[in-house]
Amino acid sequence: MASDYGHRKNASTRRAAQTRLIHEGYDPAAHSGSVKAPIYHSSTFLFESAEQGAAFFRINNKQALPGDPEAAGLMYSRFSTPNVDLLEKRLAILDGGEAALTFGSGMAAIATTLMAFAGAGDVILHTAPLYGGTDAFLNRLLPRQKVQIEAVAAEADEPAFLDAARSAMAKGPVRILYTETPTNPNNEIVDLALCRKIANHIGEVQGFTPIVICDNTLLGPVGQQPLAFGVDLVIYSLTKYAGGHSDLLAGAVVGPKSLTDQIYSVRSLLGGVIDPHTAWLLTRSLETVTLRMKAACDGAERVADFLNYHPKVSRLNYPGLLDADSRRGGLHREQSSLNGSTFSFDVGDGRDAAFRFLDGLKLIKLAVSLGGTESLILHPVSTSHSNVDPARRKALGYSEAMVRLSVGLEDPQDLIDDLEQALANV
Ligand code: PLP
């Protein structure tokens, strides 16, 4: 989609990512000198001629004729808008991806991407645990469309992963290997290079290779770049760290254009796009995402240190405390440059103690979601992960005593003081 932001004038892949996130794809001179990109609140765009409209639609329908332009221009806001176009150009930068597509929520990104590559009879092999909504989409909704699912434990080593691959192939053609790392809420670490290896193995056996997709919401493109480990597509809930202010819903997928083009066709039909204002807010958020994520991770390290020594806290799932000699710790250090600011821990001995603690907090907000400027906390079993089957929840290690904290940008000492007084209630 070609927009009229004049981006060709100042595009430069030689500049540092942080500089590109602020300048790339927009030329103020083309917009009355407006330093920030204007918001295009229009659902439709003018064609210069009937033939131009026909050509744009031919291109969009993948039926271009010789002599048609290289890319379609703006047509209709369900396909793209200048604000979405600019955001997508900048979103791909931190991941080192060729292209990005945005969606109305993280779940819209996940659902649209999975539906682009898997249909009736196909199999999706996924690591578990996954975010509760993804788990429900895979295990409850997709089977109704006759898509088959096979799960493998996030911490699976090569023999266990190969066993799962064999079971998946026995069910039918495996089109997708889907993973999420670190996992929400307990920060299991999935070996991304192993996912690539298993997908290639499946490809050799069945004659075509499944697409490897990784949800990178928890560490974001600042803390982890899954494409560098052989993942094909990276998924985000931009609602979290990328948006970063708990004031919008959005999602994205980043990867090679050959794959995002296929997802674009499905997005155009399903319609899960974001509006121009949300795209504008996200473009602004991307300018500070690196600063925000690093500051939140620094704060989280201090909070985790405090919790680690508290007698009423157990099973602290903070990646920064993983033993570097353990498989999990080694993988985390290899794959990630940040420890993240979202982690879970158990309080006391069950739900009552966890609820007393949560109700006693005065500063940290009791709400779902993560990655905002304010610290948020929740009880996963009764909220974000309540739609995961109870037996599977237990097997996945989600306890009734578990709470998940997303550390924001407050002074960490104020957060520690709040946690300390609330733990005294338990
Ligand atoms: N992926 C992860 C890891 C999440 O935590 C979430 C939401 O919490 C999602 C995807 C879904 O994102 P959204 O709420 O933007 O649809």
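**Figure 1. The loop that holds Pro 129.** Pro 129 lies in the loop that runs between strand 2 (123–128) and helix 5 (132–141); helices (H or I, at least four residues) and strands (E, at least two) are DSSP runs, numbered from the N terminus. The peptide bond joining Ala 128 and Pro 129 is cis, with omega about 10°. The model is predicted, so local features need pLDDT of at least 70 and side-chain atom pairs count only at pLDDT 80 or more, whereas totals for chains, interfaces and linings use all residues. Residues are numbered from 1 along each chain as its sequence is written, and side-chain values use heavy atoms, with hydrogens and water left out.

**Figure 2. The whole chain, as a setting for the close-up views.** The chain has 15 helices and twelve strands. Its C-alpha trace spans about 70 × 55 × 35 Å along the principal axes. For 426 residues, a compact globule would have a radius of gyration near 22 Å, and the chain agrees with this at 22 Å; the radius is taken over C-alpha atoms, and the globule rule is 2.2 Å times the number of residues to the power 0.38. Of the 426 residues, 58% count as buried. Here buried means under 20% relative accessible area, exposed means over 50%, and partly exposed lies in between (1.4 Å probe, protein chains only). Among the contacts with a separation of 6 or more, 71% are accounted for by residues 24 or more positions apart, a contact being heavy atoms within 4.5 Å. The chain exposes about 17,500 Å², of which carbon and sulfur atoms supply 54%; the areas come from the Shrake-Rupley method with a 1.4 Å probe, and for residues only the protein chains shown count as cover.

**Figure 3. The loop between strand 4 and helix 7.** Pro 185 is placed in the loop between strand 4 (174–180) and helix 7 (192–206). The peptide bond from Asn 184 to Pro 185 is cis, with omega near 15°. Asn 187 is also found in the loop between strand 4 and helix 7. Phi of Asn 187 is near 50°, a positive value in a residue other than glycine. Is Asn 187 buried or exposed? With a relative accessible area of 2%, Asn 187 is buried.

**Figure 4. A salt bridge between Arg 328 and Glu 188.** A salt bridge links Arg 328 with Glu 188, and their closest N and O atoms are 3.7 Å apart; the term denotes a side-chain nitrogen of Lys or Arg within 4 Å of a carboxyl oxygen of Asp or Glu. Because Arg 328 lies in helix 12 (residues 327–335) and Glu 188 in the loop between strand 4 and helix 7, the pair ties together parts that are 140 residues apart in sequence. Arg 328 is partly exposed, at a relative accessible area of 26%, whereas Glu 188 is buried, at 16%. The structure holds 16 salt bridges.

**Figure 5. The loop that holds Ser 246.** Ser 246 is located in the loop between strand 6 (233–237) and strand 7 (251–255). Although Ser 246 is not a glycine, it has a positive phi of about 50°. Ser 246 is partly exposed, with a relative accessible area of 41%.

**Figure 6. Helix 3 and the residue that follows.** Asp 85 is buried, with a relative accessible area of 6%, while Lys 89 is partly exposed, with 27%. Just after helix 3, Gly 96 takes a positive phi of about 65°.

**Figure 7. A salt bridge between Glu 400 and Arg 351.** The side chains of Glu 400 and Arg 351 form a salt bridge (2.6 Å, N to O). Glu 400 lies in the loop between helix 14 (390–395) and strand 12 (402–406) and Arg 351 in helix 13 (residues 351–360), so the pair ties together parts that are 49 residues apart in sequence. Glu 400 is partly exposed, with a relative accessible area of 35%, and Arg 351 counts as partly exposed at 33%. Elsewhere, salt bridges that share partners join Glu 51, Arg 58 and Asp 68 into one network.
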